[in-house]
Amino acid sequence: MKNHSGAYSTCCNHQRQPQGLAPAGLGGDARTAAQGRGRWGAFPPGSRRRPGLGRDPAGGARAGPCAGAELASAGPGPAVAAPRDAESQKVDIWKDVQNYYGQVLKTSKDLRTNACVTVARPVPKHIREALQNVHEEVTLRYYGCGLVIPECLENCWILDLGSGSGRDCYALSQLVGEKGHVTGIDMTEGQVEVAKKYLDYHMEKYGFQTSNVTFIHGYIEKLAEAGIQNESYDIVISNCVINLVPDKEQVLQEVYRVLKHGGELYFSDVYASLELPEEIKTHKVLWGECLGGALYWKDLFFLAQKIGFCPPRLVTANLITIQNKELERIIGDCRFVSATFRLFKLPNTGPTERCQTVYNGGITGHEKQLIFDANFTFKEGEIVEVDEDTAAVLKNSRFAQDFLFRPIGDKLPASGGCFVLESKDIITDPFKLAEDSNKKPKCASSVVGGCCGKKRSC
């Protein structure tokens with residue numbers, strides 16, 4: 001479909017059916033970088049360029065569709081490992097996590113921190129209804145730290161990394177419709193078994209002729225071994241899971257490989273305020289509670305650039321509280337935040353200039369207003385000036401058909417007012433956003449999900 005600017009939309013309402021799954025072991029070579037398009041701009045305020053997070057093994061700087069800046073010299077990436085053989089450590093962590101989520105935790109009441117507890121956040125009515133339609137047992141075994149249900153989902157193919165009991169998958173299966181598809185992959189066999197039990201239940205609940213959900217037992221950093229093909233999904237989601245994986249760069253590389261151009265990774269996860277000391281990284285309970293493997297938040301931006309994603313777009317953030325004296329002692333001065341980011345994989349279309357946009361209100365559940373991230377909210381009919389990166393994302397993703405684009409200075413037919421992009425810092429720091437959000441009162445009515453933090457009412 002063509003949008004008003006003349007650019008082609010990569011909306012999920014496509015005629016070509018994605019290949020989706022292939023026999024185990026297939027999937028092609030991972031493409032972790034592309035030729036440069038657009039600009040990456042400044043790194044997060046106060047950040048430093050990490051050794052080894054910007055060059056390929058041959059020593060050349062990698063550049064992706066939104067990666068224009070050269071990175072620092074090669075060296076070791078962000079460490080999350082105990083001082084042991086890397087492969088042995090991965091196996092140990094996999095076993096510990098599987099045991100924690102398969103045997104130790106029976107319901108969300110067994111958690112020892114609020115890092116994986118859903119809290120109040122307003123959500124659209126259609127999402128509340130979709131969540132309410134999910135079977136009770138599936139919901140009880142849900143340990144996510146955020147609400148990872150993005151917008152504009154009709155007919156999309158979605159991959160859920162670390163799908164657990166399948167709560168998000170079943171909610172999404174209703175939202176994508178019978179022509180869409182949702183695949184969930186999880187390494188904990190017990191969780192996958194719970195999810196598979198209710199395939200027929202949800203198919204009948206939604207009135208579908210065939211199920212549009214598939215669950216796979218596998219590892220999210222080894223999607224090719226699970227049969228996930230190149231460029232086969234419109235959206236990849238993950239709900240408080242990537243922190244449980246030792247090799248986060250490999251996960252993001254695999255996500256980039258399986259996403260179509262114009263697709264996005266929309267995910268909630270736990271981040272640390274500093275690089276974690278060994279005592280935290282090797283603590284089994286803290287790993288299971290999503291804290292021991294938390295990525296230093298600035299490293300997300302370096303990894304995204306290295307792989308080829310556009311700059312991460314911060315959506316929501318909430319501070320995590322530790323309700324255990326022993327764990328508080330181990331953590332010390334380190335702080336943790338649960339944050340939702342969206343990362344887009346865009347085609348190589350050349351530089352994009354800032355422009356004026358008008359949202360036409362065509363997205364289900366967001367007809368009057370689209371809260372795209374922490375920095376941009378689009379109201380129906382209102383002129384909004386956007387920066388180069390935002391313009392590139394809107395023009396080259398599934399959102400293209402829902403916006404009108406014009407160069408700055410052109411007169412746009414719009415019923416609303418005009419918002420001019422000021423010269424101000426874009427919020428990228430999840431800790432700052434969480435602290436700012438805590439200062440604002442929030443009502444607790446009509447709420448179902450969100451990132452972690454204390455429940456509030458007004």
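Q: Before we look at the helices, what counts as a helix here, and what as a strand?
A: Helices (H or I, at least four residues) and strands (E, at least two) are DSSP runs, and they are numbered from the N terminus. By that count the protein chain has 13 helices and 14 strands.

Q: And what sort of model is this, and how are residues numbered?
A: This is a predicted model, in which local features need pLDDT of at least 70 and side-chain atom pairs count only at pLDDT 80 or more, whereas totals for chains, interfaces and linings use all residues. Residues are numbered from 1 along each chain as its sequence is written, and side-chain values use heavy atoms, with hydrogens and water left out.

Q: What does the pLDDT average for the protein chain?
A: The average is 77, and 66% of the residues score at least 70, where pLDDT is the predictor's confidence in each residue, from 0 to 100.

Q: Where does pLDDT stay under 50?
A: One such stretch is residues 48–65, for which the model has 67 contacts (heavy atoms within 4.5 Å) beyond four places in sequence. Residues 443–458 also have a pLDDT below 50, and in the model this stretch has 61 contacts beyond near neighbours in sequence.

Q: Back to the helices: which residues of H6 are buried?
A: In helix H6, which spans residues 199–206, His-202, Met-203 and Tyr-206 are buried; the word means under 20% relative accessible area, with exposed being over 50% and partly exposed in between (1.4 Å probe, protein chains only).

Q: Why do they end up on the same side of H6?
A: They lie on the same side because they cover an arc of only 105 degrees around the axis, the arc being that of the directions from the helix axis to the C-beta atoms.

Q: What covers them, and what happens just after H6?
A: The cover over the buried residues of H6 includes helix H2 (125–132), helix H3 (136–140) and helix H4 (167–176). Just after H6, Gly-207 has a positive phi of about 75 degrees.

Q: Switching to cores, which residues have the most contacts inside the largest nonpolar one?
A: They are Leu-159, Leu-161, Tyr-271, Phe-309 and Phe-341, in a core of 41 residues. A nonpolar core is a set of buried Ala, Val, Leu, Ile, Met, Phe, Trp, Tyr and Cys residues joined through side-chain atoms within 4.5 Å. Helix H10 (residues 297–307) supplies the largest share of this core, six residues, and a second, separate core of 31 residues includes Ala-130, Leu-172, Ala-195 and Phe-208.

Q: Which residues are linked in a network of salt bridges?
A: Glu-151, Glu-264, Arg-342 and Arg-398 are linked in this way.

Q: What about Lys-325, which residue does it form a salt bridge with?
A: Lys-325 pairs with Glu-328, their closest N and O atoms being 3.9 Å apart. Both residues lie in helix H11 (residues 325–331), three residues apart, about one turn of the helix. Lys-325 is exposed, with a relative accessible area of 69%, whereas Glu-328 is partly exposed at 35%.

Q: And Asp-436, what is its partner?
A: Asp-436 forms a salt bridge with Lys-432, with 3.0 Å between the closest N and O atoms. Because they are four residues apart in helix H13 (residues 430–438), about one helical turn separates them. Asp-436 is partly exposed, with a relative accessible area of 24%, and Lys-432 is partly exposed at 41%.

Q: Last topic, then: how many disulfides does the structure hold?
A: The structure holds zero disulfides, a disulfide being a pair of cysteine sulfur atoms within 2.5 Å. As for individual cysteines, Cys-152 is buried with a relative accessible area of 9%, and Cys-169 is buried at 0%.

Terms used: Salt bridge = Lys/Arg side-chain N within 4 Å of Asp/Glu carboxyl O.
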